Amino acid sequence: MKSTPSPIARQELAAFLRARREKLTPPDVGLAPRIGPSRTPGLRREEVAALAGVSVDYLIRLEQARDVRPSAQVVRSLSVALKLSVDQTGYVYTLAGHRRPERADRQDVPAGLAQLIEDLSPLPAMVLDHRLDILAWNSTMSALLLDLDGVRGRAPNVLRMCFLDSRFVGFYGDRDDVVRGAVADLRAAWADHAHDDQLAALIHELEAGSAEFAEYWESREVSVRARGDKPMNHPIVGKLTVSFDVLSPLGDPDVRLIVYRAADSASQQALDRLVQSSASPRLRTV
């Protein structure tokens, strides 16, 4: 998706490209060091143009904030040529009127976020990614969601649990609201990750395995809920209602921290019994 950069965006893009070019030296990009003094700070335009596969005239027009609209391919080539970081690359994409590129798949939950999940015990807490895979959780959340620790092979997934795990039939007191909201959340994530093969495979698996999911998916509802309530019918402690809050780390908006709290005194008593019945607080990650 591409929009027309505003004059302010073009000016900032021009200034940013110049600044990055001037901070690099030939050896930084694999070129031979210059012999003798040079009047040009950093790299020459000719060098950047050659590295990015664009003409020198085109680079001049970009650096002079003329009315040019670089394609996503050009932005990507310039980002590689100028050795931009992930955040810097996203900044250039935005200034050029393009959607930021998708980040690489997450391998580990950041240590600080993992520690926070543990510190939140006995409150149930977990970390999800954009596919609604559960990447990390504490023991209270495991007990509340019917033994997350027992899931083997791949990361537990909220939608697989709702639609493909028979234990969750009747688990939510207002199932329609919960699962409709989860599918609408996935639909919102899909728009930003349309090229995610794992996400596409998940959607295909759910459509093939659940007519209920397929119906919700085809409704094309889009919604990202930051908070709400979930009534539950837990097989160990009975009925309880939890209120949830969703928090996203500034450095990685595709990851969200979910924290549950008891919505009323009766639910708190039920949650306390569940904590007592579970093992000592501990962190689990995939």
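Modeller: What follows is a walk through some of the charged pairs. This is a predicted model, where local features need pLDDT of at least 70, side-chain atom pairs count only at pLDDT 80 or more, and totals for chains, interfaces and linings use all residues. Residues are numbered from 1 along each chain as its sequence is written, and side-chain values use heavy atoms, with hydrogens and water left out.

Side chains of opposite charge can pair when their charged atoms come close. A salt bridge here is a side-chain nitrogen of Lys or Arg within 4 Å of a carboxyl oxygen of Asp or Glu. By this rule there are 19 salt bridges.

Start with helix α9, residues 175-192. Helices are DSSP runs of H or I with at least four residues, strands are runs of E with at least two, and both are numbered from the N terminus. Arg180 and Asp176 form a salt bridge through their side chains, at 3.1 Å from N to O. The two sit 4 residues apart in α9, so about one helical turn separates Arg180 from Asp176. For exposure, buried means under 20% relative accessible area, exposed means over 50%, and partly exposed lies in between (1.4 Å probe, protein chains only). Arg180 is partly exposed at 27%. Asp176 is partly exposed too, at 36%.

Asp57 is partly exposed, with 46% relative accessible area. Arg61 is partly exposed at 27%.

Now go back to α9. The side chain of Asp185 meets that of Arg256 in a salt bridge of 3.4 Å, N to O. Asp185 lies in α9 and Arg256 in strand β5 (residues 256-262), so this pair ties together parts that are 71 residues apart in sequence. Both Arg256 and Asp185 are buried.

Some salt bridges share partners. In this way Asp129, Arg131, Asp133 and Asp196 are joined into one network. Where does Arg131 sit? Arg131 is in the loop between β1 (125-128) and β2 (134-138). Its relative accessibility is 7%, so Arg131 counts as buried. The side chain of Arg131 also makes a polar contact with the side chain of Asp196, at 3.0 Å. A polar contact is a pair of N or O atoms within 3.5 Å; within protein, one must be able to donate a hydrogen and the other to accept it, and residues adjacent in sequence count only if both atoms are side-chain atoms.
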